[in-house]
Amino acid sequence: MYDKTIAEQSRALASGEISSVELTQTYLDRIRQFDGDINSFITVTESLALEQAAAADQRRATGDAHAMTGIPVAHKDLFCTQGVKTSCGSKMLDNFIAPYESTVTGKFRDAGAVMLGKTNMDEFAMGSSNENSHYGPVKNPWDKSAIPGGSSGGSAAAVAAQLAAGATGTDTGGSIRQPASHCGITGLKPTYGRVSRWGMVAYASSLDQAGPMTRSAEDAAIMLNTMAGFDNRDSTCLDHEVPDYTATLNNSLEGLTIGLPKEYFAAGLDSEVEQQVRNAIAEYEKLGANVKEVSLPNARLCIPAYYVIAPAEASSNLSRFDGVRFGHRCEDPKDLMDLYIRSRSEGFGEEVKRRIIVGTYALSAGYYDAYYRKAQQIRRLIRDDFLNAFKECDVIMGPNAPTSAFDIGSMSNDPVAMYLSDIYTLSVNLAGLPGLSVPAGMANQRPVGLQIIGQHFDEARLLNIGHRFQQTTDWHQKSPALV
Ligand code: GLN
């Protein structure tokens, strides 16, 4: 049953073919058997999971069931989960037990989903490889010498290795789509404001957005049904109708116009990745879609703009970790300055410090106009590029990353090379748009996804487009052989 989708498991739970306790136990056993090596979980909440599973079985018996009732899922370790360690992949929060529940995880809890545990991630969601975790790197289940992608690498690896039926992730600049692509699973970054950020540890607040990471687009629709919606505790969460995302999965793609940005198929893109992406697009033509070249002329500016804006917001968000109110505190501080300096120096890792320094510099008097304001102006140009392109097409397709997953350690000493690998994902966050990655083949023996970018609030259409592809291809059904 662990190799089934959420939709299939939900039906099996409804018919009584399996109980949630049995299903949950199966995943807990697999985590014990395989995760020592993969390292996708930071915390496994075994007894809580079995308690929730028993409650879900009871709830199903009374006929009060939701599609997610009794389904075992994993949450990225930046969602606050009441009474459970919430580390954000950092030594700073290694001792932090969240006193309250985030909106997203609370919605899953209320729907009767089972929480298996909290997944590994790049520290404070900063990274593209999951090598920046205080808890050690996550291995890609398809090839353990490869990174799983980041920052939601633990969630992606857990779903790919079938250690959870689905997982939550967050995407500030690609952290759902890119690890989904590298691990051969489906990942959706919703429109900014679609899902509440309340109770998520903030990285870059104007870019962060939570979304589902699953085996199939149908499962992503089921999870998004639970996650999406207005929340008055998050002032950037939008009060916009939530459709049933499963209702339109089978809509015809006849007449759909797909835009291919010429800037996305240019130098720097690995030829095998390009081939798989082009094969996937050819599949869409068979399904009745038309393809058209479009242009996103400012696409190349997304890296400098993002790597000013995200660190600027991070430097402000991370100022709350002062050794007084949250997390790590140094031993025997001499005075208040010593407390601040040593607590932060000891608690944060290298990449987080680098971003705080860059962000503080970009926001400081005299540099604000040269860097931060300029980056915000570029952000508007990037958004306008997309809006112009969408006058000519319904959705945009392209790769998620220039290559398939690279080897662990191969880029860890070159932060700028790692930043450059985010070229195809960052713009979507800067423009607040939704983006979906669906498995589309193998490149250099490692999985590769197709990225589908939609207009604001077009999640239902993206999931429909992903689902139709998954009806005619079987890349999403493949799974790594674990030993
Ligand atoms: N790789 C990007 C970064 O390091 C994106 C991370 C994310 O989306 N959380 O900032």
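Me: Before anything else, what do buried and exposed mean here?
Reply: Buried means under 20% relative accessible area, exposed means over 50%, and partly exposed is in between, using a 1.4 Å probe and protein chains only.

Me: And what kind of model is this?
Reply: This is a predicted model, where local features need pLDDT of at least 70, side-chain atom pairs count only at pLDDT 80 or more, and totals for chains, interfaces and linings use all residues. Residues are numbered from 1 along each chain as its sequence is written, and side-chain values use heavy atoms, with hydrogens and water left out.

Me: Ok, Leu260. Buried or exposed?
Reply: Leu260 is buried, with a relative accessible area of 10%.

Me: Where does Leu260 lie?
Reply: Leu260 lies in strand β7, residues 257–261. Strands (E, at least two residues) and helices (H or I, at least four) are DSSP runs, numbered from the N terminus.

Me: Which residues does Leu260 touch?
Reply: Leaving out residues up to four places away in sequence, Leu260 touches Phe265, Arg278, Ile281, Val291, Lys292, Glu293, Val294 and Met397. Contact means heavy atoms within 4.5 Å.

Me: New topic. How do α9 and α12 cross?
Reply: Their axes come within 9 Å and cross at roughly 125 degrees. Axes are lines fitted to C-alpha atoms, for helices over the stretch in contact, and angles run from 0 to 180 degrees between N-to-C directions.

Me: What is that arrangement called?
Reply: α9 and α12 are oblique to each other. Angles under 35 degrees count as roughly parallel, over 145 as roughly antiparallel, 65 to 115 as roughly perpendicular, and the rest as oblique.

Me: Which residues meet there?
Reply: Cys302, Ala305, Val308, Ile309, Ala312 and Glu313 in α9 meet residues of α12 including Tyr371, Tyr372 and Ala375.

Me: Last one: what covers the buried residues of α11?
Reply: The cover includes α9 (302–317), α10 (336–347), α12 (368–389) and α13 (415–420).
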